[in-house]
Structures are given as C-alpha cells and as structure tokens.
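Hi everyone, thanks for coming. I'd like to walk you through a structure today, so please have a look at it with me.

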Amino acid sequence: MPAKFKTINNSEIKIKQINALETIPVRHAVLRKGKPAEACKIPQDNLESTFHFGLFYQNQLVGVCTFVIDQSPYFNNNKQYRLRAMGILEAYQGCTFGKQLLTYGINFLKEKNIERLWFNARIIAVNFYKNNGFKTIGKIFNIPKVGDHYLMHKKL
C-alpha cells in the first residue's frame, strides 16, 4: 500500500548526504521514466562543491535532491546554488517528504552562507515550490525532451 494511505511515523524518516550514484534510481523513476539511466546524470554530479541528499523512509531511499554551484544571470548574488534533479517516488508523493527534503537542503545551504537558490521547475511542480516560498521569474520555457518549465528562486 502506498505511504500516502497510511500514517507516516517521523521516526522512520532519515535525511542524509548521499553520493551521485545513489540518486540515479529515484531520478530515473521520477524524472526520466522510459529513458536510459544515463539520462539521469548531470554534469556537476561528481564535483566536490555538489551536494546530494536522500530521504529514507523505513530504510528505503524514496527521495533525492542535488544542489550545484551555478550562477543565474537573473541574480547578482555572489553565492548562488541551483537545485537539480529533485524527486520523490510516486508512491510517496503527498506525504510531505518533498517539503522535508527541500527544507533540509535549504538549511544546509544557509549554514554555508549561500545567498540564493534557483532552479528550473517543471510546470507540475510549480505550486509545490510556491508553497515552499519560491517565486517564478520570466515566462514559461521548454526544455527539449523534458517539457515546460519556469525559472524559480528564493533568497536564503
């Protein structure tokens, strides 16, 4: 039975730093379904400045997110990070796992004095990010083979 239909015990949730390879199964299932696993990799995956986090529920990895150094021309902050490849397995969406994982990552970046977090959000995820304090900027744009997106951001 999917987690959203049962009570979630917070003591069974653990968020921790993981490596790039560990993110691939969740990225593949959520963000690149039907495409080769190779399509799940991002260029900054193995940089020392990149941070990957995983949310484990009952010791199973159910959510991932990646934060990379990247400067957007829209913002003049010196210390910017970009959120990449965030996803929660479908059976666990709606359980607040995304909010918990995102909040964990934001707090981690704040401790490192990062000034702004930005990313390209899929249209279906825009309301989730708005509910977590992010704003859209500019118009909808298309990423080929992925779909329509908005650029979103938040001053940390």
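Let me start with a question: does C40 count as buried or exposed? C40 counts as buried, because its relative accessibility is 4%. Keep in mind that this is a predicted model.

While we're on cysteines, C65 is buried too, with a relative accessible area of 0%. The sulfurs of C65 and C40 are 15 Å apart, which is too far for a bond. Searching the whole structure turns up zero disulfides.

In soluble globular proteins, nonpolar side chains tend to be buried together. Here, the largest nonpolar core has 35 residues, and L83, F97 and Y129 have the most contacts inside it. Helix α2 supplies the largest share, six residues.

Y57 is in strand β2 and F97 in helix α2, so the pair ties together parts that are 40 residues apart in sequence. Y129 and F134 make an edge-to-face pair, with 6.0 Å between centres and 85° between planes. Both of those residues are buried. There is also a cluster linked by ring pairs, made up of F51, F53, F67, Y81, Y104 and F108.

Lastly, two lysines. K154 lies over the face of F134, 5.2 Å from the ring centre, and the charged end of K16 sits over the ring of F56, at 4.9 Å from its centre. Thanks, all!

Note on methods. Residues are numbered from 1 along each chain as its sequence is written. This is a predicted model: local features need pLDDT of at least 70, side-chain atom pairs count only at pLDDT 80 or more; totals for chains, interfaces and linings use all residues. Side-chain values use heavy atoms; hydrogens and water are left out. A nonpolar core is a set of buried Ala, Val, Leu, Ile, Met, Phe, Trp, Tyr and Cys residues joined through side-chain atoms within 4.5 Å. Buried means under 20% relative accessible area, exposed over 50%, partly exposed in between (1.4 Å probe, protein chains only). Helices (H or I, at least four residues) and strands (E, at least two) are DSSP runs, numbered from the N terminus. A disulfide is a pair of cysteine sulfur atoms within 2.5 Å. Rings of Phe, Tyr and Trp (its six-membered ring) pair if their centres lie within 6.5 Å; planes under 30 degrees apart count as stacked, over 60 as edge-to-face and the rest as tilted. A charge sits over a ring if NZ of Lys or CZ of Arg is within 6 Å of the ring centre and within 35 degrees of the ring normal.
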